[in-house]
Amino acid sequence: MARTGLVLDDVFQRHLTGPGHPECPERLVAISDRLIERGLADRCTRIAPRAIDVEFLSRVHSRGYVDRLARACERGDAFIDTADSQICGDSYNVALLAAGSILAAVDGVMAGDIHNAFCAIRPPGHHAERDASLGFCLLSNVAIAVKHLRERHGVGRVLILDWDVHHGNGTQHLLEEDPDAMFISIHGHPQYVYPGTGYAEETGRGAGRGATLNIPMLPGSRDADYRAAFDRQIRPVLETFAAEFILISAGFDAHRLDPLAPVEIETESFEWMSDMVLDAAGHHCDGRLVSVLEGGYHLGALADCVSLHVSRLLMRHDC
Ligand SMILES: [Zn+2]
């Protein structure tokens, strides 16, 4: 029986971002085509999209922001907060479905119906702040999943690995005072790469000091640099944190063909990166892991990397 869950639905193509925008619906078409062509989609258990409850959402984001987003979409505004964050009339509802579908994946893993899951959703989430959209992101999907794990499932220690090439500022800010939410982000150095946060000195706040690990990578970084950073800095935390659940903010824009950042890793790196996290999940939390799409803007590279990543999720129990 297929035990990797997959959120993959045409509804996520209804968030329209306008001509020439890199965060486009075609990203999901490319992913879907490749997963089907390689026989991977059929090996997964499909998870039906489900909208998040707005009351619950409003305890992660401010109610004011959630209402403002709803109204901006209703009015037909072209963007919210920043010209990067383009929206259309359907964007609010699609964003509610994206966040809610991740929670459905989490529920499936916690119920034991599936071992792990990949959520091919958009809009992405890791730049969204409590009160504002930023960098193509409307809702903080992964931080919302952490709150859901706590409140619905009583899960304490959650590890989040964000390997999108851009720093996950929103996720960090929403979780940085929480000692039981270990946030690791490996990304292009903030001196050169958007959004300009994620220095190594940012290690958490208050009770959460030490539960944020930022690893900035210099322009031109390649596979060997990523391998060294994972071996020296990420693996020890994966081994010692004793996570009860692992979430991946899976952006694929560190790929060398990606147009949005000067970091240049190969498709194959996403295989050993996936395996290292899956090993930690297997060791500490019975494999409980949900991976959520963030960036990745070269359509061919994105499709290749996602299919490789999903094949590794499947390998854990389907070989
Ligand atoms: Zn990114």
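1. First, the ground rules. This is a predicted model, where local features need pLDDT of at least 70, side-chain atom pairs count only at pLDDT 80 or more, and totals for chains, interfaces and linings use all residues. Residues are numbered from 1 along each chain as its sequence is written.

2. Overall, you're looking at 10 helices and 10 strands (DSSP runs numbered from the N terminus: H or I of at least four residues for helices, E of at least two for strands). The radius of gyration is 18 Å, close to the 20 Å that the globule rule gives for 319 residues, so the protein is as compact as a globular protein of that length. That radius is taken over C-alpha atoms, and the rule is 2.2 Å times the number of residues to the power 0.38. Along the principal axes, the C-alpha atoms fill a box of roughly 50 × 45 × 40 Å.

3. Of the 319 residues, 55% are buried. Buried here means 20 or more other C-beta atoms within 10 Å of a residue's own; exposed means 12 or fewer, partly exposed is in between, and C-beta atoms are placed from the backbone.

4. Helix α4 is worth a look. Its 13 residues, 63-75, reach 18 Å from first C-alpha to last, close to the 18 Å expected at 1.5 Å a residue (the expected span is 1.5 Å times one less than the number of residues). Y65, V66, L69, A72 and C73 are buried. Seen down the axis, the buried residues of α4 fall within an arc of 130°, so they line one face of the helix (the arc is that of the directions from the helix axis to the C-beta atoms). The face turned away carries exposed R63, G64, R71, E74 and R75. After α4 comes G76, with a positive phi near 85°.

5. Next, M217, which sits in strand β8 (residues 212-217). M217 is buried, with 23 other C-beta atoms within 10 Å. H189 is 28 residues away in sequence, yet its C-alpha is 5.0 Å from that of M217.

6. Finally, the largest nonpolar core has 103 residues, and I102, C119 and V290 have the most contacts inside it. Such a core is a set of buried Ala, Val, Leu, Ile, Met, Phe, Trp, Tyr and Cys residues joined through C-beta atoms within 7 Å. Helix α5 gives the most to this core, with 12 residues.
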